[in-house]
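I opened the notebook today to look up a few spots in this fold. Here is what I went looking for, entry by entry.

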Amino acid sequence: MKRYLCFSLVLCFLQMTMSSCESFLEEKPEANLTTPQNLMDLRSLLDDESIINRSFPGLMEMGTDDYYLDYTDWASRPAYEKSIYCWQPVAMTTTDNVSTFWTNPYRVISTANIVLESLERLGLSATEEGQKLAGEAYFIRGYMHFSLAQIYAMDEDTDSGPMGIPIRRSSDIDIKTVRSSVAETYNTILEDLETATRLLPESTDYLTRADRTAAFAALSRIYLFRGDYDSALRYAEKVLEKRNILLDYNSIDVNSKNPFPVKSNPEILYFGISSSASSLLAVTRSNVDSLLYRSFENDDLRKQAFFTKKREKVFTFKGFYSGAEVSFFYGLALDEVYLNKAECLVRLQKVNEGLSVLNKLLENRYKQGSFVHYTDLGYLDALKIILTERRKEMCRRGVRWSDLRRLNADFEFRKKLKRSIVQANGSAEEFVLDPDSKSSVFFIPDEVISRTGIVQNPQ
């Protein structure tokens, strides 16, 4: 990955203030700080990997059913994290590291807004480099708004008012913060990403910068989550027209501590991670769900590449597509695009075509010559297999929570989640998350509610 310029301009933009009631949501530089004056300044803002690429909120993985904690590890965590693990409604306070789950993502959005506004102010929007920067800013703003919507936006609006997220399309902190409707939330996200596809270059030298293919992949993901299978398929095919080389797991050391170095993984389209989930998902604490682990056949190389033994019959995750970064990958990669295409084809009644796409992916996951192709299946059986493979392939990739939410609307695939807290004396307490529960969205931090007056999520 590229090395980033670290000079006073960038530092000034990252010294955010909390002087306004709106600044908690939309942090902005102080008025007397240096403002961007040229394309190099704007490039430096978007190239700050520590902010732009590493600020995705960890709540997207912390509530999933892909892991569990032993009692001692659970008991050692702060009250907020213990409640999140058990899907208990609890408001986040200032002591619960609000910045990692709310402020930091909105800081990324603020940076994108500053870049877009500066391009207009400086008259640089029409230049070739200006269009590239604008495309990246639109991508960053849309993709980060989408990540926030996955944890804070309801599936639909309620009687209490709009239940989307605050959409920030300006860096002006005097603009009142309001929650958008769910439809407005996703329409704005899609508009930003579709604009990005028209401005971004065909390719980029750095995985931390988005190109047109990455924007297509993001759109495929979002349309799939929204149930628009025609659009999700169309964008998946746009990706695969440009990039379609899968990583053959036979060619890597699956027993390595780090089997997926980022630079040598041809599947990665855009690099993004969350470091804020590591509090619960640290490999020393989290254990892989036993049913998930057993779903991998012995000839499936993902079983060795993704997991390592912790103790007898207990495994932890190691197969991070973020390479040596031991938090979950929330970027975009080709294997997801193959899965998107396979699912969309089956849902559009093109079962054999969908299975053919899935088979191509799995050929690169099993020991050479051991994989038996899926053929001649009915609609429901094919869809079940694709969704099972999606969960396996996308483990610790930031999509399981969204998948659970969308599948809960389908009677055939909705799932009741359960966790048991077993103490040393053998006594156990069970927690359940029903498919219809409003706990599939998280409380917005208390301080955001008090400072802005927006409506809290129901629980």
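**Entry 1: a buried arginine**

I started with Arg-397, which touches Glu-61, Tyr-321, Phe-328, Phe-329, Tyr-330, Ala-333 and Asp-335, not counting residues up to four places away in sequence; contact means heavy atoms within 4.5 Å. This is a predicted model, where local features need pLDDT of at least 70 and side-chain atom pairs count only at pLDDT 80 or more, while totals for chains, interfaces and linings use all residues. Residues are numbered from 1 along each chain as its sequence is written, and side-chain values use heavy atoms, with hydrogens and water left out.

Where does Arg-397 sit? I found Arg-397 in the loop between α17 (379–393) and α18 (400–407). Helices (H or I, at least four residues) and strands (E, at least two) are DSSP runs, numbered from the N terminus. Is Arg-397 buried or exposed? Arg-397 has a relative accessible area of 3%, so I noted it as buried. Buried means under 20% relative accessible area, exposed over 50%, and partly exposed in between (1.4 Å probe, protein chains only).

**Entry 2: two helix pairs**

Next I looked up helix α2 (residues 39–46) against helix α7 (residues 98–121): they pack at an angle of about 165°, with their axes 10 Å apart. Axes are lines fitted to C-alpha atoms, for helices over the stretch in contact, and angles run from 0 to 180 degrees between N-to-C directions. I therefore logged α2 and α7 as roughly antiparallel to each other. Angles under 35 degrees count as roughly parallel, over 145 as roughly antiparallel, 65 to 115 as roughly perpendicular and the rest as oblique.

I checked who makes the contact: Leu-39, Leu-42, Leu-45 and Leu-46 from α2, with Thr-111, Ile-114, Val-115, Ser-118 and Leu-119 from α7. These residues divide into seven nonpolar, two polar and no charged. Here Ala, Val, Leu, Ile, Met, Phe, Trp, Tyr, Cys and Pro count as nonpolar, Asp, Glu, Lys and Arg as charged, and the others, Gly among them, as polar.

The second pair I opened was helix α8 (residues 128–152) with helix α10 (residues 212–225), packed at an angle of about 25° with axes 11 Å apart. That angle makes α8 roughly parallel to α10. On the α8 side I listed Phe-139, Tyr-143, Phe-146 and Gln-150, and on the α10 side Ala-214, Ala-215, Ala-218, Arg-221, Ile-222 and Phe-225.

How do β4 and β5 pair? Strand β4 (residues 307–311) and β5 run in the antiparallel sense over four bridges; two strands pair if DSSP finds at least two bridges between them. I traced two partners: Lys-309 stands opposite Phe-315, and Thr-308 has Thr-316 as its bridge partner. The hairpin has two residues between the strands, and Lys-313 in the turn has a positive phi of about 65°. On β5 (residues 314–317), Val-314 and Thr-316 point one way and Phe-315 and Phe-317 the other way, and all are buried.

Then I moved to strand β7 (residues 417–422) and strand β8 (residues 428–433), which are antiparallel and joined by six bridges. Val-422 stands opposite Ala-428. Five residues lie between these strands, and among them I noted Gly-426 with a positive phi near 95°.

Gln-423 is also in the loop between β7 and β8. At a relative accessible area of 36%, Gln-423 is partly exposed.

**Entry 3: loop residues worth a look**

Asn-408 belongs to the loop between α18 and β7. Asn-408 counts as buried because its relative accessibility is 15%. Leaving aside neighbours within four places in sequence, I found Asn-408 in contact with Arg-414, Lys-415 and Pro-435.

Which loop holds Trp-87? Trp-87 is in the loop between α6 (79–85) and α7. Trp-87 has a positive phi of about 55° although it is not a glycine, and at 7% relative accessibility it counts as buried.

Gln-349, in the loop between α15 (334–347) and α16 (351–363), is not a glycine either, but has a positive phi of about 70°. With a relative accessible area of 56%, Gln-349 is exposed.
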